[in-house]
Amino acid sequence: MARAKNGSIDAFEQILYAYEKQIFSYLFRHTGHYQEAEDLTQDTFLKAYSHIDALNLDKSFRAWLYTIATHTLYDWLRRKRLRREFYILDDPTHPVETIDESRPYESIETTDAVERTLLKLKPEYQTVLLLYYTHELRYSDIAAVLNLPVNTVKTYLRRAHLAFKHRY
């Protein structure tokens with residue numbers, strides 16, 4: 001981290017490779033669209049690179065990066081509310097993603113239902129659920145990412161559980 005903060009492009013590239021999949025996964029679960037998640041991931045790392053001098057080496061780098069990803073996501077959500085988007089498929093007879101043969105069909109249905117339910121929740125509830133369960137961040141790291149007190153994170157997580165259970 002210190003080498004990246006001092007301007008080493010090679011060091012930042014190592015950081016990119018280490019965290020790219022995690023950040024993409026986090027953003028994809030929020031957006032539900034592969035291309036949007038890719039764009040937001042790229043924006044996140046561009047912002048991280050351009051603000052690397054603001055990195056506090058005494059604090060969690062992972063939390064700092066997720067904070068940037070979350071702010072990038074929220075900016076995108078605000079812009080998205082202002083404009084309608086249409087996704088056009090070139091060939092509707094062929095699905096965009098293929099089914100993984102190693103996963104049973106029931107598992108795919110359950111996963112899809114969970115993801116659809118997650119997308120119906122408030123963005124802050126989605127965020128705490130994803131950070132806690134998918135990315136396994138501690139309460140204190142989630143609090144740092146969202147710039148919230150730890151007890152508020154716990155409250156959001158409890159409310160997110162209830163909202164999820166109600167919609168599922």
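**From a buried threonine to a charged surface**

Thr127 is a residue of helix α6, which covers residues 123-134. The model described here is a predicted one. In this model Thr127 has a relative accessible area of 0%, and because buried means under 20% relative accessible area, Thr127 is classed as buried.

The surroundings of Thr127 can be described next. When neighbours within four places in sequence are set aside, Thr127 is in contact with Tyr26, His30, Thr70, Tyr74 and Leu146.

After α7 comes Asn147, which has a positive phi, near 60 degrees.

Arg116, Lys120, Lys122, Arg159 and Arg167 form a positive surface patch. Two or more residues of this positive patch come from each of the helices α5 (105-120) and α8 (150-167). Arg167 belongs to helix α8. How exposed is Arg167? Its relative accessible area is 41%; since partly exposed denotes the range between under 20% for buried and over 50% for exposed, Arg167 is partly exposed.

Thr127 and Arg167 thus illustrate two classes of accessibility: Thr127 is buried, and Arg167, a member of the positive patch, is partly exposed.

Conventions. Residues numbered from 1 in each chain as written. Predicted model: local features only at pLDDT ≥ 70, side-chain atom pairs only at ≥ 80, totals over all residues. Heavy atoms only, no water. Patch = residues over 30% accessible without salt bridge, like charges linked within 9 Å, V, L, I, M, F, W, Y side chains within 5 Å. Areas by Shrake-Rupley, 256 points an atom, 1.4 Å probe, with all protein chains shown as cover. Salt bridge = Lys/Arg side-chain N within 4 Å of Asp/Glu carboxyl O. Lys, Arg positive; Asp, Glu negative; His and termini not counted. Charge placed at Lys NZ, Arg CZ, Asp CG, Glu CD. Helix = DSSP H or I, 4+ residues; strand = E, 2+ residues; numbered from the N terminus. Buried < 20%, exposed > 50% of the residue type's maximum accessible area, 1.4 Å probe, protein only. Contact = heavy atoms within 4.5 Å.
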